[in-house]
Amino acid sequence: MKQLELRRKLLKLYFDAKCGHIACSLSCLDLLIALFGQKKEDERVILSKGHAAGALYVMLNHIGEISDNMLTTFYQNGTKLSAHPSANSFTNIPFALGSLGHGFPIASGMAKAKKINRDSDFVYVLMSDGETNEGTTWEAAHFAVANRLDNLIVIIDRNRLQGFGGTDSVLGDTAAAEKWQAIGFNVQEVDGHDLKALEKSIQRCKQENLGSPHVIIANTIKGKGVDYMENKMEWHYLPMNEEQYENAMLSLEKVYYA
Amino acid sequence: MRKEFAAKIGQLFESDDKLVFLTGDLGYNALEEIQSKYSDRFINAGVAEQNMVGLASGLAYEGHPSFVYSIAPFAVYRTLEQIRLDVCIHNHAVCIVGNGGGYGYGIMGATHHANEDLACLSPLPNMVCWVPAFSEDVEYCLDQIVTRKGPAYLRLGLGVSYPQPVKIGLINQVIKSTKKPRLTIITQGPVVKNAIKALEGVEDVDLFSMLTLPILDFTPELKNSIESTQNVLVIEEHTERGGLAEHLLMRLTREKLRLNQFEAFNAKGYPSKTYGSQDFHWKESGLDVESIQNYLANN
């Protein structure tokens, strides 16, 4: 089962590197699985929430772009796998991302280029809900609607936790569906850990390309699959010790074999 | 230079159907023809400069070299992180076009001035800043930008025409060359016209105009002049930090060129806390003809 297999890899990756950004990678891993399952080879997924690099790296390992050997270099000096994705090394990492609010404008430019080129491919951009605090989100959103970028699919990992608080306690839910609807997006809200539902919503975007850009608001759980990390902001930052790693692996078994 | 810029962009668009032009809702009375003729490749991205630079990077990634146009401070400061991360690190063919560099927007006030733009952009990876001094330079700069393909900044201003035939196509242009110079003046941008005026009737001073930062080319003519005078005056419409003077000092040191005297006239902000035309601010900063003449008389 892909969800379990990639989560195991992800936890091992972060445990070996003794580093954080675990929970925010777990919250969007299923989104990446769905996106890479649906996208054509030449299509690009822009991981705008670059702090979930680990999730992207295990995904690219799964499709063969990053070898097992290279994966072990994560976080080490001399690696191509920095904590946030770096530039100019992998086809499926077209841009260095990690400063929030950059991926959506870039993806919009790529989608606009495809319109100019009369290319029917899609562009996907994966953002965090905290990231929608960034003003560029709303610059790009209006641009995408005004330019009828129906080949652009935005997926928001809405885990309702951001850097230093719950989204409700910081700026409110800046990823709320009404906001995107009001601007003119084709909006869907979906369980972000239900692969079938995610795949269906991506397919719907591809079928309903009638001039509006698409947003899939994926309701997710930060730390999904590791019971003691779920919905806990601190697991944005903390590394696991050995005991925690063992418990995390056990928790995965319970969730995905139950 | 807007007229020359628009004309050259028109030519480039005619010969290359990949080029894309983005504007931050500006270009009235200059860009209408390009807008109507190339409507599919002319994008008004609205008053949203950060997004505009991100868009340009995405377009460049997909094979469309892009121009991003706004008033210089909006094109540079608002978007600096996008320029650094989305454009420069990936070496994308995106040209940031800043209209009215320096005090070019005059009485419009400090919001519309850009006197630190080159300090912000010139250290970025792969970036070349182009600062035309004369209207005729715009065409050469754009040809270079399109040929070189990487990140670029084009700082437009109000340029005059060449005073006499000079060699177009040099990154440091010889504006005036004398047999036995006592001083080498190096300027950047349209402020060169003040130096030309101040040097009328002066026969022992060499004058150069430097088109780029970083300094891409250090011609034998410039080197010979400095070797012979060991006396350099830089005149730049930019802050002292990060502009031509600092770049040049590093270069001269590396070239092991010995100097007896070095002076730089720079933009000094708003010393009297009052505002006016570009000429007014040049005078306030000591970049005007009279200040240059005074320096020549005393040095």
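The dialogue below walks through some features of a predicted model.

Trainee: Before looking at features, how are the residues and chains labelled, and which residues count?

Mentor: Residues are numbered from 1 along each chain as its sequence is written, while chains are lettered from A and ligands numbered from 1 in the order in which they are written. Since this is a predicted model, local features need pLDDT of at least 70 and side-chain atom pairs count only at pLDDT 80 or more, whereas totals for chains, interfaces and linings use all residues.

Trainee: How many helices and strands are there in chain A?

Mentor: Helices (H or I, at least four residues) and strands (E, at least two) are DSSP runs, numbered from the N terminus. By that reading, chain A has 10 helices and seven strands.

Trainee: Why can chain A be called as compact as a globular protein of its length?

Mentor: One compares the radius of gyration, taken over C-alpha atoms, with the globule rule, which is 2.2 Å times the number of residues to the power 0.38. For the 258 residues of chain A the rule gives 18 Å, and the radius of gyration is 17 Å, close to that value, so the chain is as compact as a globular protein of that length. Along its principal axes, the C-alpha trace of chain A spans about 50 × 40 × 30 Å.

Trainee: In what order do the strands of the open sheet in chain A lie?

Mentor: Two strands pair if DSSP finds at least two bridges between them. In chain A, five strands form an open sheet with parallel pairing, in the order β1-β2-β3-β7-β6. β1 (44-47) and β6 (186-191) of chain A each have a single partner strand and stand at the edges, so one side of each lacks a neighbour in the sheet.

Trainee: Over how many bridges do β2 and β3 of chain A pair?

Mentor: Strand β2 (residues 123-128) and strand β3 (residues 152-158) of chain A pair in the parallel sense over six bridges, and Ser128(A) stands opposite Asp157(A) in β3(A).

Trainee: How many residues of chain B are in contact with chain A, and where do they come from?

Mentor: Two residues are in contact if their C-beta atoms, placed from the backbone, lie within 7 Å. Here 22 residues of chain B are in contact with 22 residues of chain A. On the side of chain B that touches chain A, α3 (49-61) and α5 (80-88) of chain B each supply at least two residues, and the largest share, nine residues, comes from α3(B).
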